[in-house]
Amino acid sequence: MTRKAQILFLLISCHLLAQPSAQSIMEKMDQIQKPIDVQTTLKMTLISSKGSKERHRSRELTSFQKKYEDGKFKSKSLLRFSQPKEIVGTGFLTWDRLGLEPDDQWLYLPALKKVKRIRTKEKGRSFMGTDFSYEDLSGRYLGADTYELMGEDRIHGTVCYKVRANPIEKESHYSSRMVYVDKENLLMKRVEFFNKKGNIYKILDIPNHVKNGDYWTATKMIMKNMKNAHRTELTVTKVAYDQKLQDNVFTESFLKRN
Amino acid sequence: MRHATSRHKTTMNKISRLLQLSVLLSTLSAQLNYAGEINLSVMTRTSDQSQINLPFRLLSLNLGYTIGSLDIKTVPTIEYRYDSSKSTYDLWEAYLAYYPEWGEIKFGKQIHAWGLVDGNNPTDNINPYDYYYLFKQGTGQKIGTFSFSAKLYFRDYQLEAIIIPKHEANRIPSGEKDYPLGLPLEQTIDYPVVDEIEVGMRLQKTIGEIDFGVSMFNGHDRTPSVSTISFMEMKNGIIPKIPKLGYRATSVLGLDFVAFIGDLTIRGEGAFFKTKSSKLDLTTLPIPGNLFEIDQEISYSQFVIQTEYTTVSDIMILGQLISSSVNDEQYSIRHLLTGQIEPFFNAEFRPGMGTPFAMFSDLALIVGSSGILMDDRLELKGNAMMNLDGKGVMISVSTGYSPWMNWKFELGLIQFKGDKENLGNVFTKMEDFSHIRLGLFYNF
């Protein structure tokens, strides 16, 4: 081996060793300081396009989320719609379990005064006609996927790690997800969802993050369906952290309060 | 100088009070919530395009006020009918709800919803039904009843108890020429319920992906039935009967479940009813010498099994089998003065509780489909109810279009086809009620 080749080999080895592993990137992203609880007011816009024409339909909702460290749940969240008025009070409760055990999800329909449990197999379905599925709304447990570092890419003006996440459990409706993580702040900037055939199915873009105190907030999320040129935009209009949300906020009983 | 300071202080106090008041008002308004619906609709017969004149809910308002764990809820409604231009105000619901850590307590005029099947719930007998709104979905077909309820959530269990201090009956249209299921004349209830307190309990348990429910209810029928008969001797020898109405005492044992098998959701609900003559209040009536009380003890059951499948594009396909059967019936008549008991065979049993759709047929199949398309703009629904116990079918299709947020136009059709040779068939009676419905809804 020539001296030049030895130096090149050394440089490549150093570069490879300096690159963090996909697992450690995802672990670091998971460890970013997050509030114990967060209450967010969101505007949800459904956008359908036909040629250059776009049609918008908006909804407004409030989201409550709380982190749990009780060894059973990762987090619990509750969504409640306030606009349009026809569906006011419609609520959605998720208990995001640790490990591979399926999450618990319930939907409250005020017109029927009934809480309907959503089964695990239904989680691939669209959440109330949006481009988000029930599965997308559940948080993802770090150990639920295996990770591969696929390189780097520039997304929304920031250099990102490109990590492929392959689900361990069979119940997932995706064959894999390509996650783009901002190198500097370890924030998720984009997720590409691949269907069971391995084709790109949906893209979630998170262009803007704002730091409020110690916490980062994604102020806009755009879920684009690649099959039908439809997209759903979620814009944060109000956010409040660590309000000491009580456990009973994340119950069937509270879900019915409107 | 001192005078100026004092005036300044007074102004500051006023501003401070105004600020406090505005803070208080904004706090109060932040806890006040409302949602309402204005609905204008017309129904025209498919047979001759004539208008069907029945009341409809023109306005319903959901007004709520929250103070910590306490909610105050009221739902005032205005019902309107075109033929008489008459509007009627009703307080559909008005209750206090308290949400402690362990569950919920509610007190007041309220609507309950029991059962895991959609729409036709044999176990749901807490509230009476409003027969004017029988074809409405959800709680819209029920009448609010004054009750006290408590629900406890404990691990995978839910335990609910309901006490109703005053018996409430179904609202059955009378003297309505446009409503075939109505009565020709308003019914007089000769024997109102004596022991009015009604009690219900329901326990629900989740095991894996299956929810089970067991319920019991002790109360009185929501539809009246014949309690006594007078035999009158006429000159020509004919002995006509004069029936007097009351409400039977009925107890219900209910079972319901929801399970997920593959891509299908299976829901089931069954109720076993035991009904018997209730205690009559005869103190205010002079007992005529020819008055006989009907002693009856009937057990009947209703079952609903539902299968649903939701497509990837969120279209729900549903199949529902409704069955109703009388398991045992015993009748006798007892002379109220002498106590003499005689067998009685001339009784026609009609259930006073359970799902109202059981009156259409003892065995019926409903198949339906519904979907919301074009980002909530277009809603499509279609249902067919087939009588498997004879002839008869009901077909219902509707489409709702919302061009702007909170506005919706609705066009619906209900068509009945009965049996021309059987005029007693409910589907035959309903044939003339087949109609096209046009509605405009505004939600605020």
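Biologist: Which residues touch the most other members of the largest nonpolar core?
Modeller: A:Ile25, A:Leu78, A:Val163, A:Val179 and A:Val181, out of 37 residues in that core. A nonpolar core here is a set of buried Ala, Val, Leu, Ile, Met, Phe, Trp, Tyr and Cys residues joined through C-beta atoms within 7 Å. Buried means that 20 or more other C-beta atoms lie within 10 Å of the residue's own; exposed means 12 or fewer, partly exposed is in between, and C-beta atoms are placed from the backbone.

Biologist: Which element gives the largest share of this core?
Modeller: β8(A), with four residues. Helices (H or I, at least four residues) and strands (E, at least two) are DSSP runs, numbered from the N terminus. Apart from this core lies another one of 16 residues, including B:Val258, B:Ala364, B:Met385 and B:Phe427.

Biologist: Before I go on, where do these numbers come from?
Modeller: This is a predicted model, in which local features need pLDDT of at least 70 and side-chain atom pairs count only at pLDDT 80 or more, while totals for chains, interfaces and linings use all residues. Residues are numbered from 1 along each chain as its sequence is written, and chains are lettered from A and ligands numbered from 1 in the order in which they are written.

Biologist: Back to A:Leu78. What is it in contact with, leaving aside neighbours within four places in sequence?
Modeller: A:Phe64, A:Gly91, A:Leu93, A:Val249, A:Phe250, A:Phe254 and A:Leu255. Contact means that the two C-beta atoms, placed from the backbone, lie within 7 Å.

Biologist: And A:Ile25? Which residues of helix α2 of chain A are buried?
Modeller: In α2 (residues 22–30), they are A:Ala22, A:Ile25 and A:Met26. Seen down the axis of α2(A), these buried residues fall within an arc of 95 degrees, so they line one face of the helix. The arc is that of the directions from the helix axis to the C-beta atoms.

Biologist: What do the buried residues of α2(A) pack against?
Modeller: Three strands of chain A: β7 (145–155), β8 (158–167) and β9 (176–182).

Biologist: Zoom out. How many helices and strands does chain A have?
Modeller: Four helices and 15 strands. The C-alpha trace of chain A spans about 80 × 50 × 40 Å along its principal axes, and 30% of its 258 residues count as buried.

Biologist: What about chain B? How many helices and strands there?
Modeller: Two helices and 22 strands. The C-alpha atoms of chain B fill a box of roughly 110 × 55 × 55 Å along the principal axes. Of its 444 residues, 28% count as buried. Among contacts of chain B with a separation of 6 or more, 59% are between residues 24 or more positions apart; in chain A that share is 43%.

Biologist: How many residues does each chain put into the contact between them?
Modeller: Chain B gives 26 residues and chain A gives 26 residues. On the chain B side, nine are nonpolar, seven polar and 10 charged. Nonpolar covers Ala, Val, Leu, Ile, Met, Phe, Trp, Tyr, Cys and Pro; charged covers Asp, Glu, Lys and Arg; the others, Gly among them, are polar.

Biologist: Why does A:Ala229 count as partly exposed?
Modeller: Because A:Ala229 has 13 C-beta neighbours inside 10 Å.

Biologist: Last topic, confidence. Where in chain B is it lowest?
Modeller: In helix α1 (residues 2–31) of chain B, at a mean pLDDT of 60; strand β7 (residues 157–164) of chain B is highest, at 98. pLDDT is the predictor's confidence in each residue, from 0 to 100. Where it is low, the predicted coordinates should not be read in detail. Chain B averages 90, and 91% of its residues score at least 70. The model scores ipTM 0.85 and pTM 0.86.
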